[in-house]
Amino acid sequence: MKKRDNHFIKQIESIIICLALMSISIILFKFLPMEKFGNNILFDASLHVTITIFVLYFIWIFIGHKKLGKYFLSFSIVVVLFMSIYRIVVKKHDIIGVSLGVLISLLSIYLSNKIVRKLST
């Protein structure tokens, strides 16, 4: 197998594992608490943030190695940060939901990369 093909397969594996980890985490930390405590617990920001970060990660995987991709990613992260802060200030979401989304996302990305490295050795 060519080195390029192997790298592409690792990227796809990383995205699939990341998506699975994010999905499981959202079910455990968003939907189950909402089922128990009601829909007004403001954890809904966790899903928005998680989806946004996953889309950015997906874009980063495939165009991130180009200079334009790095600038796009940096700009996108700043926009997500400002929008998250704005939503907290206007009391549409709380810091717990936003923080939960960021934590779920970053942990899923980290673990997916770690799992893919373990699988390839």
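Biologist: I'm new to this one. What do buried, partly exposed and exposed mean here?

Modeller: Buried means under 20% relative accessible area, exposed means over 50%, and partly exposed is in between (1.4 Å probe, protein chains only). This is a predicted model, so local features need pLDDT of at least 70 and side-chain atom pairs count only at pLDDT 80 or more, while totals for chains, interfaces and linings use all residues. Residues are numbered from 1 along each chain as its sequence is written, and side-chain values use heavy atoms, without hydrogens and water.

Biologist: Thanks! How many helices and strands does the protein chain have?

Modeller: The protein chain has four helices and zero strands. Reading from the N terminus, the order of elements is α-α-α-α.

Biologist: What share of the residues is buried?

Modeller: Of the 121 residues in the protein chain, 32% are buried.

Biologist: What about contacts along the sequence, which share joins residues at least 24 apart?

Modeller: That share is 74%, taken among contacts between residues at least 6 apart in sequence. A contact here means heavy atoms within 4.5 Å.

Biologist: Let's look at single residues. Where is serine 25?

Modeller: You'll find serine 25 in helix H1, which covers residues 3–37.

Biologist: Is serine 25 buried or exposed?

Modeller: Serine 25 counts as buried, because its relative accessibility is 16%.

Biologist: Which residues does serine 25 touch?

Modeller: Leaving aside residues up to four places away in sequence, serine 25 touches Lys30, Ile104 and Ser108.

Biologist: Changing topic: where does isoleucine 59 lie?

Modeller: Isoleucine 59 belongs to helix H2.

Biologist: Why does isoleucine 59 count as partly exposed?

Modeller: Its relative accessibility is 24%, so isoleucine 59 gets that label.

Biologist: How far is isoleucine 59 from phenylalanine 72?

Modeller: Their C-alpha atoms are 9.2 Å apart in space, and 13 residues separate the two in sequence.

Biologist: How far is serine 74 from leucine 56?

Modeller: Serine 74 and leucine 56 are 9.8 Å apart, C-alpha to C-alpha, with a sequence separation of 18 residues.

Biologist: And serine 84, where does it sit?

Modeller: Serine 84 also has its place in helix H3. There the relative accessibility is 13%, so serine 84 counts as buried.

Biologist: What does serine 84 touch?

Modeller: Serine 84 touches Val49 and Val98, again leaving out residues up to four places away in sequence.

Biologist: Last one: where is methionine 83, and what is its relative accessibility?

Modeller: Methionine 83 is in helix H3 as well. Its relative accessibility is 45%, which means that methionine 83 counts as partly exposed.

Terms used. Helices (H or I, at least four residues) and strands (E, at least two) are DSSP runs, numbered from the N terminus.
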